[in-house]
Amino acid sequence: MIIQVAVPGPFLTPLDYLFDLTEGATPVVGGRVRIPFRNKVLVGLVMSLPEKSEYDAKKIKTVIEVLDAEPLFSRAHLSFIEWAAQYYHEPIGEVVQAALPKKLRAGEAVKVEGLPVWQLSKAGRALSVADLPKNAKHQIALFNLLHAAPKALSASLLNKQLESWRASLKKFIQAGWVEEQRGLCLADTYLGEAPNHVLNDEQQHAVKAVTQLPEDTFKAFLVEGVTGSGKTEVYLGMIEQVIQQGKQALVLVPEIGLTPQMVSRFNAFLQKPIASLHSGMNDSERLCAWHLVRTGQVSVLLGTRSAIFAPFKNLGLCIIDEEHDLSFKQQEGFRYSARDLMIRRAFDLKIPVVLGSATPSLETLHSAKAARYGYLQLKQRAANAQMPSIKLLD
């Protein structure tokens, strides 16, 4: 069996390898394999399974190991990766490297184990505080917290509410009052109270223009809004509609714009945990976010430019905030513009893409005024905020 593998290195096309069909697990298109390359062993991605090779079979090396029984990328996503390689004249293996988290590039398992969460068992629900020792303050506090919680609690949430809880939890588990399960690999976040934002007419018009497009329709929109016009609320209104349709959303922001406050704002508005991808995360956190959107366990990915390559189970909307920002251009290694790639990805998937800015780039503004993009303007500040007074100093 011949397989074509995208190998890290200066190769514009995938390389041919042999696979012995008696070895067990068969390679799949979009899955990883471990391969020999000169005097090294590398991890590559299977791009295709041709019927024959142009080269002499005696000169072709054999695959060492199949790492994935199921594809990591769909055929459509592989086509997007191939298009990016051709468009930017970049070796296909280098583009694949940019699309894979570091742990997967190293050949580690794709499945990420969820973090432990705890809740009262049936026996625990039958108890009351009176059944606990009167002087056991930590046990009583933990019991009250678990009893009042609407869902299983993670270590991060317990740490926020209680000081010493692990010893008490261990006793509860041994007594059969608490059961341990596995939740998301994402650290459980406090969602906060849902804000009661009412969108003004301009904001509602922008949300409807994007979310009421016919199914399987690509269209790019420029949302040009003055500072303080509530562009983020418009994005959230669009995302809320997309989630109700059972789809996912990808939101790109500049590196400097992705703050914990922004993540908290998204969590509170949507009342759902969201995944984020940025340079401040470690390799395990990146793989976790990548895994959650790929398997559809979370509906929103908020990230910087590298998030453009994340595989989604059912992507329905792309948004890029501050689209003029130069941080969306990768300046080393595989050089690309995340804004341009996002437009191409939305085009391939036949979904809307929204470019937001108070100061749009010249090419985006030109496309909007030439009617290639939908042009949505937010001219007034939200919540009756006043515009600044401007004086000209000679």
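In which loop is Gln271 found? In this predicted model, Gln271 lies in the loop between helix H10 (260-270) and strand E11 (275-277). The backbone of Gln271 has a positive phi of about 55 degrees, although Gln271 is not a glycine. Most residues other than glycine have a negative phi. The relative accessible area of Gln271 is 36%, so Gln271 counts as partly exposed.

A positive phi was also computed for His89, at about 50 degrees, and His89 is not a glycine either. His89 is placed in the loop between H1 and H2. With a relative accessible area of 66%, His89 is exposed. A further positive phi, near 80 degrees, belongs to Gly246, which follows H9.

Helix H1 (residues 75-87) and helix H2 (residues 92-99) have axes 9 Å apart and an angle of about 125 degrees between them.

Helix H9 (residues 231-244) consists of 14 residues. From its first C-alpha to its last, H9 reaches 20 Å, close to the 20 Å expected at 1.5 Å a residue. H9 is mostly covered, with eleven of its 14 residues buried. The buried residues of H9 include the run from Lys231 to Ile239, and Val242 and Ile243 are buried as well.

Leu287 is located in helix H11 (residues 283-294). Its relative accessibility is 5%, so Leu287 counts as buried. When residues up to four places away in sequence are not counted, Leu287 touches Pro101, Lys103, Leu104, Ala109 and Val112. A separation of 51 Å was computed between the C-alpha atoms of Leu287 and Leu392, which are 105 residues apart along the chain.

Thr304 belongs to the loop between strand E12 (300-303) and strand E13 (315-321). Although Thr304 is in a loop, Thr304 counts as buried, at 4% relative accessibility; the cut-off for buried is under 20%. Again without residues up to four places away in sequence, Thr304 touches Leu252, Val253, Pro254, Glu255 and Leu258, along with Leu277, His278 and Ser279.

Side chains of opposite charge can pair when their charged atoms come close. The structure holds nine salt bridges. One of them joins Glu65 and Arg34, with the closest N and O atoms 3.1 Å apart. This pair links distant parts of the chain, as Glu65 is in strand E5 (residues 65-66) and Arg34 is in strand E3 (residues 32-37), 31 residues apart. Glu65 counts as partly exposed, at 37% relative accessibility.

Another salt bridge connects Asp348 and Arg344, at 3.2 Å from N to O. Both residues are in helix H12 (residues 338-349), and because Asp348 and Arg344 are four residues apart there, about one helical turn separates them. Asp348 is partly exposed, with 32% relative accessibility. Arg344 is also partly exposed, with a relative accessible area of 26%.

Arg339 and Asp340 form a salt bridge in which the closest N and O atoms are 3.2 Å apart. The two partners fall into separate accessibility classes: Arg339 is buried, with a relative accessible area of 10%, whereas Asp340 is partly exposed, with a relative accessible area of 30%. Arg339 and Asp340 also belong to a network of salt bridges that links them with Glu323 and Glu363.

Key. Residues are numbered from 1 along each chain as its sequence is written. This is a predicted model: local features need pLDDT of at least 70, side-chain atom pairs count only at pLDDT 80 or more; totals for chains, interfaces and linings use all residues. Side-chain values use heavy atoms; hydrogens and water are left out. Helices (H or I, at least four residues) and strands (E, at least two) are DSSP runs, numbered from the N terminus. Buried means under 20% relative accessible area, exposed over 50%, partly exposed in between (1.4 Å probe, protein chains only). Contact means heavy atoms within 4.5 Å. A salt bridge is a side-chain nitrogen of Lys or Arg within 4 Å of a carboxyl oxygen of Asp or Glu. The expected span of a helix is 1.5 Å times one less than its number of residues. Axes are lines fitted to C-alpha atoms, for helices over the stretch in contact, and angles run from 0 to 180 degrees between N-to-C directions.
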